[in-house]
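Biologist: I would like to learn how to read the features of a model such as this one. Could we go through them in turn?

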Amino acid sequence: MKKTLVACLIIFGCSTCSFGQDQNPLPLPSSSPDSATVVFYRGSQLWRALVNFTIRANGVELCRLSNNRYLVYRTVPQKCTFTSVAGGLNIPDKEKLQIDLEGGKVYYVQCDIKSGLFTDRMEMT
């Protein structure tokens, strides 16, 4: 009985290990000369993992970014203001990131959650 249990645990343990190899690597985004690409990514955080944040570009809603997710946004080269607000609420956006987007370039924006006493905000860097 003990040998069967140990064998099952070893088989189960080996079947869940990837030994450091990524099974499905994500393709790197590219950009054409007449467009700019912005990649927003939010890493895995235990604190406030269930809170989604709405990301807007020049006032237009792009998506609701949740924990451990990313967004690839392609647009024409322009000066763009990105804002975020918790949960899609219609309160004024306080967090702003302005980028002068150039054609043919890929921009990466890291989104981190910062918590205050009563509110949460997404810091974009």
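This is a predicted model: local features need pLDDT of at least 70, side-chain atom pairs count only at pLDDT 80 or more; totals for chains, interfaces and linings use all residues.

Biologist: Which residues are joined into one network with Glu 123 by salt bridges that share partners?

Modeller: The network consists of Glu 95, Arg 121 and Glu 123.

Biologist: How many salt bridges does the count come to?

Modeller: The count is 4. The criterion is a side-chain nitrogen of Lys or Arg within 4 Å of a carboxyl oxygen of Asp or Glu. One of the bridges links the side chains of Glu 102 and Lys 105, at 3.0 Å from N to O. Glu 102 is partly exposed at 40% relative accessible area, and Lys 105 is partly exposed at 39%. Another pairs Glu 61 with Arg 64 through their side chains, with an N to O distance of 3.6 Å. Here Glu 61 has a relative accessible area of 42% and Arg 64 has 47%.

Biologist: Next, cysteines. How many disulfides does the structure hold?

Modeller: A disulfide is a covalent bond between the sulfur atoms of two cysteines. This structure holds 0 of them.

Biologist: What is the overall pattern along the sequence?

Modeller: The chain has 1 helix and 8 strands, in the order α-β-β-β-β-β-β-β-β. Of the 125 residues, 29% are buried. Among contacts with a separation of 6 or more, 58% are between residues 24 or more positions apart.

Biologist: Where is Gln 78 placed, and which residues is it in contact with beyond its neighbours within four places in sequence?

Modeller: Gln 78 sits in the loop between E4 and strand E5, the latter covering 79–86. Setting aside neighbours within four places in sequence, Gln 78 is in contact with Asn 58, Ile 99, Asp 100 and Leu 101. For Ile 99, the gap from Gln 78 is 21 residues in sequence and 8.4 Å in space, taken C-alpha to C-alpha. The side chain of Gln 78 also makes a polar contact with the side chain of Thr 75, at 2.9 Å. Gln 78 is partly exposed, with 27% relative accessibility.

Biologist: And the surface: which residues make the nonpolar patch of about 540 Å²?

Modeller: That patch is made by Leu 28, Tyr 41, Tyr 70, Val 72 and Tyr 108. Patch members need over 30% relative accessible area and no salt bridge. Tyr 70 is partly exposed at 48%, so it passes the area cut-off. Tyr 70 lies in strand E4, residues 69–75.

Definitions and conventions
Residues are numbered from 1 along each chain as its sequence is written. Side-chain values use heavy atoms; hydrogens and water are left out. Patches are made of residues with over 30% relative accessible area and no salt bridge: like charges are joined within 9 Å, nonpolar side chains (Val, Leu, Ile, Met, Phe, Trp, Tyr) within 5 Å. Accessible areas come from the Shrake-Rupley method with a 1.4 Å probe; for residues, only the protein chains shown count as cover. Helices (H or I, at least four residues) and strands (E, at least two) are DSSP runs, numbered from the N terminus. Buried means under 20% relative accessible area, exposed over 50%, partly exposed in between (1.4 Å probe, protein chains only). Contact means heavy atoms within 4.5 Å. A disulfide is a pair of cysteine sulfur atoms within 2.5 Å. A polar contact is a pair of N or O atoms within 3.5 Å; within protein, one must be able to donate a hydrogen and the other to accept it, and residues adjacent in sequence count only if both atoms are side-chain atoms.
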